[in-house]
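Look at the model shown below, first as a whole and then at a single residue.

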Amino acid sequence: MESIEIHEYLPHRFPFMMVDRVIEYESGKYIVGVKNVTINEPFFRGHFPEHPIMPGVLIVEALAQLAGILASITKSIRPAAEGYLYYLAGTDKTRFKRPVVPGDVLNMRCEILHERREVMKFICNAHVSDDLVCTTELITAGRKV
């Protein structure tokens, strides 16, 4: 899934769209996606300009966006067309293992742990190459806008 199709599942746009590509998914189970981290990201101008690192909250945001795509696919909803969004409702057990810097490719994976009506819980991991950089449990909640 390329960025044009991703736009059908996410309301986010540049500079806040954090999923560049969806590599694979299985509805109701998991999704794998990528964020290419470049020096042109607006947050690098102020987040340690002499030693730029991607803020941890934006790594979690990227994972949450990927989880939102999977939630929409699982519920057969095209949020952009139907006026329905999945919001980040909570995070648990979030840990950061190493910094993400310009030039890194953030490889992300989210798996559904639980699903109850419009609330879904995911286990999510982000890697750069073989290095785990973040692990978290995310909760999303769907709402009509």
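**The chain as a whole**

The mean positions of the 17 positive and 18 negative charges of the chain lie 7 Å apart. Here Lys and Arg count as positive and Asp and Glu as negative, while His and the chain ends are not counted; a charge is placed at NZ of Lys, CZ of Arg, CG of Asp or CD of Glu. This is a predicted model, in which local features need pLDDT of at least 70 and side-chain atom pairs count only at pLDDT 80 or more, while totals for chains, interfaces and linings use all residues. Residues are numbered from 1 along each chain as its sequence is written, and side-chain values use heavy atoms, without hydrogens and water.

The chain has three helices and six strands, in the order α-β-β-α-α-β-β-β-β from the N terminus. These are DSSP runs, numbered from the N terminus: helices are H or I with at least four residues, strands E with at least two. Along its principal axes, the C-alpha trace spans about 45 × 30 × 25 Å. Of the 145 residues, 44% are buried, meaning under 20% relative accessible area with a 1.4 Å probe, protein chains only.

D104 sits in the loop between β3 (84–96) and β4 (105–116). With a relative accessible area of 12%, D104 is buried. A polar atom of its side chain lies 2.9 Å from the backbone nitrogen of V101. Beyond its neighbours within four places in sequence, D104 is in contact (heavy atoms within 4.5 Å) with K35, N36, V37, R98, P99 and V128.

Technical notes: Buried < 20%, exposed > 50% of the residue type's maximum accessible area, 1.4 Å probe, protein only. Polar contact = N/O pair within 3.5 Å; in protein donor to acceptor, adjacent residues only side chain to side chain.
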